[in-house]
Amino acid sequence: MEFMRRKIKTIVFLNALVTVIWCASPRCDPGYEFIGRFCKEPEPEKPKCVDIMMNYCDDMSYTHTMFPNILGHRIREEAELGPEYLLLSVVHNLLNGECTPDIRMLGCSVLVPRCEKEKVLKPCRSTCEAVRKNCRHAFEGIEMAWPYFLDCDRFFVSDQEGCYDPLEGLRVTQEEDQASIDNTSEEPHTVIQFSYQSNAQMNSILKKTAARCPEIATTYSIGRSVEGKDLLVIEFSNNPGVHELLEPEMKYIGNMHGNEVLGRQLLIYLTQYLCSEYLLGNHRIQSLINTTRIHILPSMNPDGYELAAAEVQGTNDPENEEAQNYYSWTLGRGNAQNIDLNRNFPDLTAVAYGRRRHRHFRSDHIPIPDAYWFDKVAPETYAVMKWIRSIPFVLSANFHGGELVVSYPYDLSKHPLEEKMFSPTPDEQIFKQIARTYADAHATMSGNNSERCGNFGSIGQDGIINGAKWYSFAGGMQDFNYLHTNCLEVTVELGCDKFPAEEELYRGWQDNKEALLTFMESVHRGIKGIVKDADGNGIKGARISVRGIRHDITTAENGDYWRMLTAGIHILTASAPGYTRAMKKIHLPARMQKAGRVDFVLQKAVVEPDIEEDYNIPSMGTYERFDPYNQFERYAIREQNQNREERQEKPWWWSYFSRAHGSAPTWLLRID
């Protein structure tokens, strides 16, 4: 009986135990099944707000975040090991401090998004778009794509959707800093870093400058070098990108020879100076930019510069000064095809000399001979020729190194057997005045005690010289400007050292700053005006002739023109096919600071064929013929593309990111 009682108790206890076990949540061990029931996974914990524990994001305006984050990183460790966080950790050094901490904090708002009341808040799209507009050029400057995780449309939301400003804390700090600056007595001033830049850094500076001064500056490319580098121009004007009626246009070109680098640096500094001083209210700079359209090409030969810079760094041995001097005089002078760009332009000077006995000879707008296109034309030369044909430039200077002097046309001797023969243009007097404008404003160039380098013999003591009298050569850029367009160009040699030490750059800027500004202001000398028909419409291509100067200039698209002249009495004639001529006598005072206004109205008339024929040489074709057989397209573009394909080099920073992770972050690479 006792045995039966114990058995019943045991059965009751086991039934109760089975009931407890049966009701408990079954474990989901692999391969194990419960009869009649299915195992149930435990419910994961709901994400909660946690402290931000990532060093490069610990200065955000909030302190809590949540994982998974916006990019799908499940835990903090996964986010820290990703290429996105690696980029944020080095972005300050990559961009040389530019756009940081803005970029870093914007990235942190995606990697460690703001968390409030167990809910993730997304950053504002408007903040992202503002940073992208101001900082995209910095990534382009190092050939890096805009980071995918800073896609403003993908990871950021509008104000209406409820967002926050990830740079809120930064703005407070900046306002405090600005307030402390405002309370000091120090006057605001322009700050320039006097150091050398790579091609990418140079382009970044130009784009950053244009972004800082969007009302007066813009950048544009005129073409590419042999190795595919942009020939980037920055323009300054009160209406950038537009030719305004009666506003003269001038240009500066640097680094035509890749190893002659001071001009390149001066033009980079000049762009920063113009932008900064305009914003600071400098009346002189504001007046210059508001009345002039200025185009600056700091480097015409970026490929040659890269070679020269690499060689100079490689030979930076204080005990081997001779080697340094040798390299700076040779390597990188030509482009990547080893073409000397200042010998690569059409030789129109020889054509002009051959036309001197022609009855109605004029040394202007000489067409490019068809034979020129069958020689090797560098893509840099081609780009500059198209550029100066497309804009009505009035004045220009190109910068070189190796001597301290301003040279003016002609560069080719008028006698084939004379290497150093004075060979003036019809505009000798105005060219001398233009050259003296730069030399006299330079700190030392025109002084009797100025150091002359003597590399090409004696050049005199007044700081200017006729090019052919110095040394003769054909195919130069300044002769081409004068003989093919309205533009008067001189060559400025900036000193004996073609690649000066970095510590000499500040002195170079101080020596040349006033000359650079004064030269630009001189574009307003002479006369300007509009040539119209009887109905008041501007006449494009009308000729303005000056008695005694056998060199005409032509009117621009809307009939406006500019003619640089010396002081005195001049007799002007305006003419155009299908119109009668008009003549005026003018007097330009010696101290006149602005161009005099001289307009013409031409009446319709019958064309005089005999006069029209005098302006052209049938064997040369017309002025409009430019690469008529597409010779440049046939070999130059093909060679350029081949070089680009052969290079396919990854940017200098690529190895750092590709080694740090198993899968290379290809999203960092730009796709042109």
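The model is predicted, and local features need pLDDT of at least 70, side-chain atom pairs count only at pLDDT 80 or more, and totals for chains, interfaces and linings use all residues. Residues are numbered from 1 along each chain as its sequence is written, and side-chain values use heavy atoms, with hydrogens and water left out.

Strand E8 spans residues 249-253. Helices (H or I, at least four residues) and strands (E, at least two) are DSSP runs, numbered from the N terminus. E8 is mostly covered, with five of its five residues buried. Here, buried means under 20% relative accessible area, exposed means over 50%, and partly exposed lies in between (1.4 Å probe, protein chains only). In a regular strand the side chains alternate between the two faces of the sheet. In E8, Glu-249, Lys-251 and Ile-253 point one way. Met-250 and Tyr-252 point the other way. All of these residues are buried.

E8 pairs with two strands, E9 and E10. Two strands pair if DSSP finds at least two bridges between them. Strands of a sheet pair through backbone hydrogen bonds, either parallel or antiparallel. With strand E9 (residues 293-297), E8 pairs in the parallel sense over five bridges. Glu-249 stands opposite Arg-293 in this pairing. With strand E10 (residues 393-400), E8 also pairs in the parallel sense, over five bridges. There, Ile-253 has Asn-398 as its bridge partner.

E9 is likewise covered. Five of its five residues are buried, so E9 is largely enclosed by the rest of the structure. Arg-293, His-295 and Leu-297 point one way from E9, and Ile-294 and Ile-296 point the other way. Each of them is buried. E9 also pairs with strand E7 (residues 230-236), in the antiparallel sense over three bridges. Phe-236 stands opposite Ile-294 of E9.

The relative accessible area of Asn-255 is 0%, so the residue is buried. Its side chain makes a polar contact with the side chain of Ser-299, at 2.8 Å. A polar contact is a pair of N or O atoms within 3.5 Å; within protein, one must be able to donate a hydrogen and the other to accept it, and residues adjacent in sequence count only if both atoms are side-chain atoms. Neighbours within four places in sequence aside, Asn-255 is in contact (heavy atoms within 4.5 Å) with residues including Arg-264, Pro-298, Met-300, Tyr-305 and Phe-399. The backbone of Asn-255 has a phi near 60°, a positive value in a residue other than glycine.

Glu-493 carries a record annotation. The unreviewed UniProt entry marks this residue with the annotation "active site". UniProt positions are given in the numbering used here, feature names are shortened, and annotations may be inferred rather than shown by experiment. Glu-493 is found in strand E13 (residues 488-495). Its relative accessibility is 7%, so Glu-493 counts as buried. With neighbours within four places in sequence left aside, Glu-493 is in contact with His-400, Gly-401, Gly-402, Glu-403, Leu-404, Val-405, Met-445 and Trp-470. A polar atom of the Glu-493 side chain lies 3.4 Å from the backbone nitrogen of Gly-401.

A further sheet is open. Its three strands run in the order E3-E4-E5, with mixed pairing. Strand E3 (114-116) and strand E5 (163-164) stand at the edges with a single partner strand each, so one side of each is left without a neighbour in the sheet. E3 pairs with strand E4 (residues 119-123) in the antiparallel sense over three bridges. Glu-116 has Lys-119 of E4 as its bridge partner.

Some backbone features remain. Most residues other than glycine have a negative phi, and most peptide bonds are trans. A cis peptide bond joins Thr-100 and Pro-101, with omega about 15°. Pro-101 sits in the loop between helix H3 (83-94) and helix H4 (102-111). Another cis peptide bond joins Pro-409 and Tyr-410, with omega about 0°. Tyr-410 lies in the loop between strand E11 (403-408) and helix H15 (428-441). Glu-143 has a positive phi, near 60°. Its place is in the loop between helix H5 (125-141) and helix H6 (152-155). At 46% relative accessibility, Glu-143 counts as partly exposed.
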